[in-house]
Amino acid sequence: MAQLEKTNTEVGKEGGNHSNFPPFDTSTFPSQILWFIIAFGFLYWFMSKRALPQIGKVIEDRKARIARDLDDATAMQQKADAAAAAHEKTLAEARANAQALAQAARDHATAETDARRKTADAEIAAKIAEAEKQIGATRKQAMSNVADIARDAAGAIVERLGGRPADPAAVKAAVDRVA
Amino acid sequence: MASESGPAINPIEQFSIHPVVPISIAGHDFSLTNSGLYMLLAVAVSCLIAAIGARGGSGVPGRLQSLAEMGYEFIAGMVRSAAGEHGMRFFPLVFSIFFFILICNVVGLVPYTFTVTSQIVITAALALLVFFTVVIIGIAEHGMGFFKLFVPSGVPIYILPLVVAIEIISFLSRPLSHSVRLFANMLAGHITLNVFGGFVVMLLGAGAATGVLAILPFAMTIGLYALELLVAFLQAYVFAMLTCMYLNDALHPGGH
């Protein structure tokens, strides 16, 4: 083979068909072109008919699958959000209920206390009124006793000074005028 | 080999073609050469990656699966942005071109391998494939309307002939620039790598004192290798991108 090459080179120096520079050696062109057509033809056939449609399908499938998975994830996320919102709502409702109950209990207790205080107040007022009445009566009685004492004292004084018993009616009238 | 000149380094030798399986049809040489072998290898690698991508497997992609899908979406995005939704029927063509060039470029960077894309005949075949696809699809889709491509709208009538002439020349020179760009990039990169690699060998072979200096071209080779990896990807991208733009012309001739 080396021998052949050498021969080629030597011929190339003389003849016009061959060249010292291998890429310009036209004697190799027919075979190179033939094998290029065979190799590239097969490559093109394989790529256009076999490989590329398949690869395209693989990529499309994967894209579709990723899109589907993403959609699923979004849907699940929405579901989770809805569940969270529902939970939040329930919680808020329960809280509101509890507050209403507490308020009602508080109101009830306040009303009861008020009522009790009112009755107690009324009782106390009644008792006070009664006591005041009693005091009034007692005072009236005491005052009448005082008038009696004053009449007695006035009668006695008049008797001692005048030397004779005083007219009880006159004394009574005098005392009542002063009182 | 004389000691003062060191070991002979021929940076062109890596591009030489030699038959692996000699085949002769009607007196013409159609041997399976190293070039053909590496083309078949690149096709096999491309198909393997694509087949793994097509198998799908489970929902979570593995590394090769991701590679196939990344390539798919990368090229699909490129075709869609450059040639529109209508251009998606050329997606398999652009995908095949991109992967063929990319795998050929990357495989060629493995030491002792052959770089198919450093053969002008292969890059020219790819560029002409694109060129004729553009012309045939353009005329089939738009008939004579395809030639509106050469008549940009809004150009004053008195310079129109000049503009049309320039447009036609630029259109016809497309396959040339399209193919030479890839060919020259791969060729130059491999020659440079070979030359700097050769310096390392020469300095090491010349003795202990100069052997220390070999670290310099060695570092250079590493840097260049990284650059070449970038170029391998970039040139495949550029070729595929230009293919998309040319196909866009075939689909929308009046659109620029």
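**Close-up views of a two-chain model**

**View 1. Helices H2(B) and H8(B) cross at roughly 40°, and their axes come within 8 Å.** The model shown here and in the other views is predicted. The crossing of H2(B) past H8(B) is right-handed. On the H2(B) side, the contact is made by Ile75(B), Met78(B), Val79(B), Ala82(B) and Ala83(B). The residues they meet in H8(B) are Ala240(B), Met241(B), Cys244(B), Met245(B), Leu247(B), Asn248(B) and Leu251(B). Sorted by class, this contact holds 11 nonpolar residues, one polar residue and no charged residues.

**View 2. The largest nonpolar core has 58 residues.** The members that touch the most other members are Ile75(B), Val94(B), Ile97(B), Phe98(B), Phe100(B), Ile101(B) and Ala240(B). Chain A supplies helix H2 (29-162) to the list of elements that give two or more residues to this core. From chain B, that list has helices H1 (34-55), H2 (63-83), H3 (91-108), H4 (120-142), H6 (174-205) and H8 (215-251). H3(B) gives the most, with 12 residues. As a general point, nonpolar side chains tend to be buried together in soluble globular proteins.

**View 3. Phe100(B) touches residues of chain A and of chain B.** In chain A, the residues are Phe40(A) and Leu43(A). In chain B, they are Ala42(B), Val43(B) and Ser46(B), with residues up to four places away in sequence not counted.

**View 4. Chain A is in contact with chain B through 36 residues of chain A and 40 residues of chain B.** On the chain A side, helix H1 (2-14) and helix H2 each give two or more residues. The largest share of that side, 26 residues, comes from H2(A). By class, the chain A side divides into 24 nonpolar, seven polar and five charged residues.

**View 5. Tyr112(B) lies in the loop between H3 and H4 of chain B.** Phi of this residue is near 70°, a positive value in a residue other than glycine. Most residues other than glycine have a negative phi. Tyr112(B) has 5 other C-beta atoms within 10 Å, so Tyr112(B) is exposed.

**View 6. Asp148(A) is placed in helix H2 of chain A.** Asp148(A) counts as exposed because it has 12 C-beta neighbours inside 10 Å, and a residue with 12 or fewer is exposed. Asp148(A) and Arg160(A) are 12 residues apart in sequence. From C-alpha to C-alpha, Asp148(A) and Arg160(A) are 18 Å apart in space.

Conventions: Residues are numbered from 1 along each chain as its sequence is written. Chains are lettered from A and ligands numbered from 1 in the order in which they are written. This is a predicted model: local features need pLDDT of at least 70, side-chain atom pairs count only at pLDDT 80 or more; totals for chains, interfaces and linings use all residues. A nonpolar core is a set of buried Ala, Val, Leu, Ile, Met, Phe, Trp, Tyr and Cys residues joined through C-beta atoms within 7 Å. A residue is buried if 20 or more other C-beta atoms lie within 10 Å of its own, exposed if 12 or fewer, and partly exposed in between; C-beta atoms are placed from the backbone. Helices (H or I, at least four residues) and strands (E, at least two) are DSSP runs, numbered from the N terminus. Two residues are in contact if their C-beta atoms, placed from the backbone, lie within 7 Å. Ala, Val, Leu, Ile, Met, Phe, Trp, Tyr, Cys and Pro count as nonpolar, Asp, Glu, Lys and Arg as charged, and the others, Gly among them, as polar. Axes are lines fitted to C-alpha atoms, for helices over the stretch in contact, and angles run from 0 to 180 degrees between N-to-C directions. A crossing is left-handed if the near helix is turned anticlockwise from the far one by less than a right angle, and right-handed if clockwise.
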